[in-house]
Amino acid sequence: MKKKAEIKKIEKEFLTYVKKMKHIEEASALLYWDLRTKAPKKGAPYRAETIGTLSTLARKKLLSKKMKKYLTILGDKENASIVRPLTKIMVSDLKKDYKLYKKIPIEEYEAYTVLASNAETIWEEAKAKQDFTILQPYLEQLVTYKKRFLQYWGKKGHPYDALLDLYEPGMTVKVLDRIFDQVKKEIVPLVKEIKENGNRLDTSWLQTVVSKERQISLSEQVLHVMGYDFEAGRLDETEHPFETSIHPYDVRITNRYDEKDFTVSLFGVMHEGGHALYEQNLSDHLIGTTLYDGASMGIHESQSLFFENFIGRTEAFWEYFLPVVKQEVKELENVTLKQMYQAVNAAKPSLIRIEADELTYVLHIIIRYELEKRLFNDDLEVKDLPKAWNELYNQYLGISPSHDGEGVLQDVHWAGGDFGYFPSYALGYMYAAQLRHAMEKQLSIDAMVSEGNMKSVVQWLSERVHQFGKTKKPLDLLMDATGEPLNVSYYTNYLKTKYTRIYLS
């Protein structure tokens with residue numbers, strides 16, 4: 001009994017310790033949100049230092065002697081019957097991070113964090129000026145840091161595997177190569193056939209000017225329909241949309257507005273809204289733990305892509321939402337449901353990933369994946385990224401950027417050091433297709449969505465995905481939710497069926 005009491009005391013101390021770590025992360029997240037939305041430009045370098053300090057403080061708590069003690073005692077097999085199941089999962093999760101980051105000198109990690117924060121601000125300038133050379137020296141340093149971290153970790157296999165594992169536990173180059181080869185084999189010929197023989201759709205009317213104010217109103221309305229809780233979040237403007245969870249009851253969304261195409265902000269807010277619903281529907285008993293997070297970036301992306309595309313680009317959604325749009329935008333009062341459905345699903349190779357259609361979107365991800373592999377396999381230098389980027393866009397999509405702003409500089413991820421992140425977008429698509437297939441066996445999704453009712457959809461996802469947070473591994477979560485392992489065919493069949501109907505029938 002004495003031993004049990006001692007272990008329970010240590011477990012309680014551990015949980016309090018972890019909660020304080022989460023508080024530091026919350027403060028850092030708030031400062032990051034402010035940096036990307038409200039902070040004055042001149043203050044950016046100083047804000048980056050502050051974020052770096054907080055990130056380092058959180059890292060020190062992770063790598064402290066106290067943490068080592070907690071992980072050793074609570075992870076001991078002899079104490080397994082005493083420790084709570086959630087604590088066991090958390091200890092296992094933290095052990096992985098502890099072993100990973102213990103190998104990186106703390107001063108290097110702090111310097112890297114400050115560099116990444118500054119690089120994101122520099123990226124905004126570089127993109128605005130359409131000049132990769134402005135960002136290049138920062139990107140070179142970030143890649144150098146990442147390669148050094150890989151050496152510290154000393155993992156076997158392809159060097160890129162360790163970066164993939166940060167965002168999608170268990171994912172490897174070998175698996176992704178097989179998945180992407182299957183996708184390319186089935187989708188690239190369809191893209192080509194549509195380009196050569198497909199029906200010609202008139203989408204020019206989408207260029208109708210819609211003011212930012214009206215787009216904000218539409219964004220707020222669609223978030224309400226999705227079930228986003230505004231009392232536990234907010235909507236703001238930024239250059240590159242993102243969702244951030246300050247804490248369980250403060251989950252924020254940002255969006256970008258293009259007055260020449262209102263669908264950019266509409267689908268942008270549905271995408272980030274999907275992320276936010278995941279965070280807002282995590283189980284309360286995970287609050288203050290490291291498990292209050294998505295199972296993986298791919299699972300998180302499955303939720304954003306589910307709402308953006310598997311809901312937002314359906315006829316059912318527009319049957320409900322087109323009248324709402326017409327109330328805000330009188331210039332579109334004569335647009336038919338068929339016209340709107342075809343327009344939002346128009347397949348045309350584009351340069352911008354976040355504005356890409358469903359059919360070609362995955363090719364954008366494959367391009368970034370192949371470039372990242374080459375970077376970390378020492379087959380490509382940072383200075384040569386723009387040229388390599390343009391070559392792959394021409395190879396896969398038949399188009400080439402006219403400048404860096406619509407090419408290699410379009411995404412902020414590399415400036416933030418997020419190498420290994422992009423494949424999660426493609427995996428998220430595949431997870432989402434499989435989840436929708438499973439959901440359709442139990443719910444009349446289109447019938448409900450056409451009436452503006454998404455409660456049952458959100459509830460289904462919350463019960464099978466959201467509530468579990470990081471307590472399940474991504475592929476285990478998918479298996480439990482759908483009854484089978486990852487099946488890429490649901491994704492490819494969905495695309496082939498949809499786009500054959502629109503363009504080749």
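**Figure 1. Salt bridge between Glu-78 and Lys-3 in the predicted model.** The side chains of Glu-78 and Lys-3 pair in a salt bridge, with an N to O distance of 3.9 Å. Lys-3, at 41% relative accessibility, counts as partly exposed.

**Figure 2. Salt bridge between Lys-184 and Asp-181 within helix α8.** Here the side chains of Lys-184 and Asp-181 meet at 3.8 Å, N to O. Both residues are in helix α8 (residues 173–197); because they are three residues apart, about one helical turn separates them. Asp-181 is partly exposed, its relative accessible area being 45%.

**Figure 3. Salt bridge between Asp-480 and Lys-472.** The closest N and O atoms of this pair are 3.0 Å apart.

**Figure 4. A salt-bridge network formed by Arg-36, Glu-120 and Glu-124.** In this view, Arg-36 is shown with Glu-120 and Glu-124, the three residues being linked in a network of salt bridges. Side chains of opposite charge can pair when their charged atoms come close. For the model as a whole, the count comes to 32 salt bridges, with a side-chain nitrogen of Lys or Arg required within 4 Å of a carboxyl oxygen of Asp or Glu.

**Figure 5. The second largest pocket and the residues closest to its centre.** The volume of the second largest pocket is about 420 Å³. Its lining comprises 18 residues, of which Thr-314, Arg-436, Glu-440, Asp-446 and Tyr-494 are the closest to the centre. By residue class, the lining divides into seven charged, six nonpolar and five polar residues.

**Figure 6. Helices contributing to the lining of the second largest pocket.** At least two lining residues come from each of α11 (297–311), α12 (315–328), α16 (423–440) and α20 (489–503). Helix α20 gives the most to this lining, supplying six residues. Rolling a probe the size of a water molecule over the atoms shows where empty space is left.

Notes:
Residues are numbered from 1 along each chain as its sequence is written. This is a predicted model: local features need pLDDT of at least 70, side-chain atom pairs count only at pLDDT 80 or more; totals for chains, interfaces and linings use all residues. Side-chain values use heavy atoms; hydrogens and water are left out. On a 1 Å grid over the protein atoms alone, a cavity is a set of points where a 1.4 Å probe fits but cannot get out, and a pocket is an open set with protein on both sides within 12 Å along at least five of seven lines; lining residues have an atom within 4 Å of a point. Grid points are joined across faces, edges and corners, and a volume is the space filled by probe spheres set on the points. Helices (H or I, at least four residues) and strands (E, at least two) are DSSP runs, numbered from the N terminus. Ala, Val, Leu, Ile, Met, Phe, Trp, Tyr, Cys and Pro count as nonpolar, Asp, Glu, Lys and Arg as charged, and the others, Gly among them, as polar. Buried means under 20% relative accessible area, exposed over 50%, partly exposed in between (1.4 Å probe, protein chains only).
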